Amino acid sequence: MKILFLGDVVGRAGRAAVAEVLPKLRQEWRLDFVVVNGENASGGMGLTGDHARALLQAGADCITLGDHAFDQKDMLQFIETEPRVLRPLNYAKDAPGRGQGVFSDARGRKVLVCQALGQVFMKRCFDDPFSAVDAVLRAHPPGGAVQASLVDIHCEATSEKMGMGHFCDGRASVVVGTHTHVPTADAQILPQGTAFQSDAGMCGDYNSVIGMEKTEPMRRFVSGMARGRFQPAMGDVTLSGLYVETDDRTGKATRVAMVRQGGRLEQTGP
């Protein structure tokens, strides 16, 4: 199976780039399944129902969220009606929606997707992500209940993301980090067959401060004072993510490649 994961989509520019480029990538790379992290797609904070629909129409088979899952209030209702949008497993016990889903590709092969929030350096104290992911993976062994599985670990610390990768090695097809908006150069297949990257990066304008127009973040760093809201940068977008090929029989990764398409960064792909 050929799987593409795209990192955090940031603002209108990120959405427009996904809508323009993803259909071409699905065709050119013969992708079977696409997961997109959309938690910053609406004004840089959260995701609206309309923007979720646009990402799905562009070719996403599943959308993951993150700590900004419900910053846009209509997501509280929308997520209950759209099973292809997933909030973190360990967000809150009473949170609407769900943190996992099993989906089918065009050939009927089953793909598990789940997401968890990390605990290290995060502003809120979320439940243990490791036990949450462990329970899901135990119920969906790759090569058994599903042909492939993907874990989106959404957190600040690269160490926690790497810990999750090794924790899931051999039990998930892919573990990929999100949240920091900066792609890491450690795409690899771990010893037991799990594809891993500490952070997929963002689908946004990299002439920015993690996707936001530079003036206000820089003012706050220099002066410690806020004068306005963060606004998503609107320049050329790089789609950043991870490409993985998996073995249907075992669910293990057989190939992994970093993805950077368009914009300012060095171009990479399968």
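**View 1. Buried residues of helix α2 and the elements around them.** In this predicted model, the buried residues of α2 (49-58) are G49, A52, L55, L56 and A58, where buried means under 20% relative accessible area, exposed over 50% and partly exposed in between, with a 1.4 Å probe and protein chains only. The cover over these residues includes α1, β4 (62-64), α3 and β5 (85-86); helices (H or I, at least four residues) and strands (E, at least two) are DSSP runs, numbered from the N terminus. After α2 comes G59, which has a positive phi near 130°.

**View 2. The largest nonpolar core.** A nonpolar core is a set of buried Ala, Val, Leu, Ile, Met, Phe, Trp, Tyr and Cys residues joined through side-chain atoms within 4.5 Å. The largest one has 38 residues, of which L4, V18, L47, I63, M75 and V85 touch the most other members. Its largest share, five residues, is contributed by α1. Beyond its neighbours within four places in sequence, L4 is in contact (heavy atoms within 4.5 Å) with residues including L22, W29, F33, L242 and V259.

View 3. T178 belongs to β9 (residues 174-178) and, because its relative accessibility is 0%, counts as buried. Its side chain makes a polar contact with the side chain of D152 (2.6 Å); such a contact is a pair of N or O atoms within 3.5 Å, and within protein one must be able to donate a hydrogen and the other to accept it, while residues adjacent in sequence count only if both atoms are side-chain atoms. Leaving out residues up to four places away in sequence, T178 touches, among others, F5, N37, H154 and D199.

**Notes.** Residues are numbered from 1 along each chain as its sequence is written, and side-chain values use heavy atoms, without hydrogens and water. Local features need pLDDT of at least 70 and side-chain atom pairs count only at pLDDT 80 or more, whereas totals for chains, interfaces and linings use all residues.
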